[in-house]
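My notes follow the structure.

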Amino acid sequence: MIKQQFFFFFLITSCFVQSQNIKTIQLKPLGVKNFSTIVPLGSVLELSFDDLDADQKEYFYKVEQFSFDWKPSNLLSSEYINGFNQNSIQEYENSFNTLQSYTHYTVQIPNSTTTITKSGNYQISVLDENDIVIFTRRFTLYESIATVGVSVLRSRDTKTSNQQQTVQFIVNHNALNINSPSQEINVAVLQNNNWETAITNLKPQFYRKKQLEYKYVKASNFWGGNEFLNFDTKAIRTPTLNIARVIQKNIYHHYLYPQEARAKKPYTYNPDINGQFVIRTLEGNNPDTEADYVSLHFALETAKISDKKVYVYGAFNNYAISETNQMTYDEIAGMYTATIILKQGFYNYSFVTKNRDAVLDVHEISGTHYQTENEYQVLVYYKPFGTYYDSVIGIGTGFFNQR
């Protein structure tokens with residue numbers, strides 16, 4: 001079986017321990033029905049999260065710029081922000097008519113005190129009153145200076161043609177005179193908005209007048225993966241698709257139907273939202289404060305995988321690996337189980353393994369197929385000689401869809 005294995009590259013999000021009471025962290029464009037945090041410079045992004053302590057703590061946000069490879073920027077904050085890069089989060093509201101009480105916090109960027117003036121990679125951190133980082137999220141602001149054409153194809157590598165997809169793209173920079181593209185231009189290619197599997201080490205293969213071509217056979221290949229599993233808890237009192245039974249205790253408990261390992265099974269089309277989640281409820285009008293929390297019971301029927309740990313994986317926890325989403329093997333039942341508290345909504349998820357060297361294998365359980373529907377984003381960074389930061393001069397989007 002072909003496996004995808006990768007070490008976590010430098011991750012800002014791994015430098016802290018998130019409080020177990022902080023849930024449902026979302027960073028998304030305001031008023032736009034998509035999940036991408038790659039947006040035009042000047043767009044409004046909204047960060048929201050819940051605190052299950054429900055005691056109206058004082059939280060702060062901090063915005064910082066980073067290079068194309070997520071290293072701290074050489075610019076001072078005053079060079080890329082008008083106003084302050086750190087301020088208090090002033091919008092919060094208590095939950096209403098829920099078994100699990102919580103306080104819902106929101107902040108929008110830009111706002112009256114913080115306006116970002118330059119494109120590039122950014123991180124927003126949330127800090128407590130002791131200036132300790134609670135969690136971070138990444139986002140990218142771009143300018144439409146260059147146009148990027150993206151095509152996604154079945155891998156032409158005969159060894160992986162049944163498991164991989166190839167991303168090829170062309171960068172047209174008619175408005176820019178780029179003196180040394182191999183040194184001044186960097187790119188990042190993302191699958192389904194996931195930075196953890198991003199490819200960033202590509203250089204142009206062909207140079208034409210005002211055009212750069214990237215048509216690699218192997219270097220820009222991604223494992224196709226498999227369609228995500230899903231469940232929907234919008235109806236909190238009754239079972240819905242993929243939920244076997246519901247029990248009310250201090251909060252509602254939803255027991256999902258056990259899943260089987262899919263690695264050795266043929267590809268089956270199953271619509272998904274590429275690992276993301278949407279908060280919604282049938283019990284109220286405002287899901288931000290009226291959606292309740294549910295204890296989700298996951299089950300994976302498979303033989304015990306020796307020397308490896310198994311996790312529930314998805315955007316619901318920013319594709320992080322921690323004790324919160326680790327599964328435990330039940331020798332008697334012959335399955336892995338996990339219990340995770342999640343806010344009502346529609347969720348995508350999958351199962352991954354981690355070995356003793358902390359290497360993740362995202363396909364050992366789920367499998368990987370070239371037919372899987374995926375979305376790809378190509379970001380183009382420009383850093384001319386004599387400048388001190390990586391601007392984003394264009395993005396392109398491509399889809400793999402065999403249907």
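**Pocket and cavity notes**

I started with the lining of the largest pocket, and strand 2 gives the most to it, with six residues. I am working from a predicted model, where local features need pLDDT of at least 70, side-chain atom pairs count only at pLDDT 80 or more, and totals for chains, interfaces and linings use all residues. Residues are numbered from 1 along each chain as its sequence is written, and side-chain values use heavy atoms, with hydrogens and water left out.

My terms: on a 1 Å grid over the protein atoms alone, a cavity is a set of points where a 1.4 Å probe fits but cannot get out, while a pocket is an open set with protein on both sides within 12 Å along at least five of seven lines; lining residues have an atom within 4 Å of a point.

I found 36 residues in its lining, with Q26, L27, K28, F35 and Q276 nearest the centre. Among the elements giving two or more residues are strand 4 (45–51) and helix 3 (287–290); these are DSSP runs numbered from the N terminus, helices being H or I of at least four residues and strands E of at least two.

Next I looked up the cavities: three have 30 Å³ or more. The largest cavity holds about 290 Å³. I noted 23 lining residues, with Q191, F228, Y313, V362 and H363 closest to its centre. Strand 16 and strand 29 (345–354) each give two or more residues to that lining.

Note on methods. Grid points are joined across faces, edges and corners, and a volume is the space filled by probe spheres set on the points.
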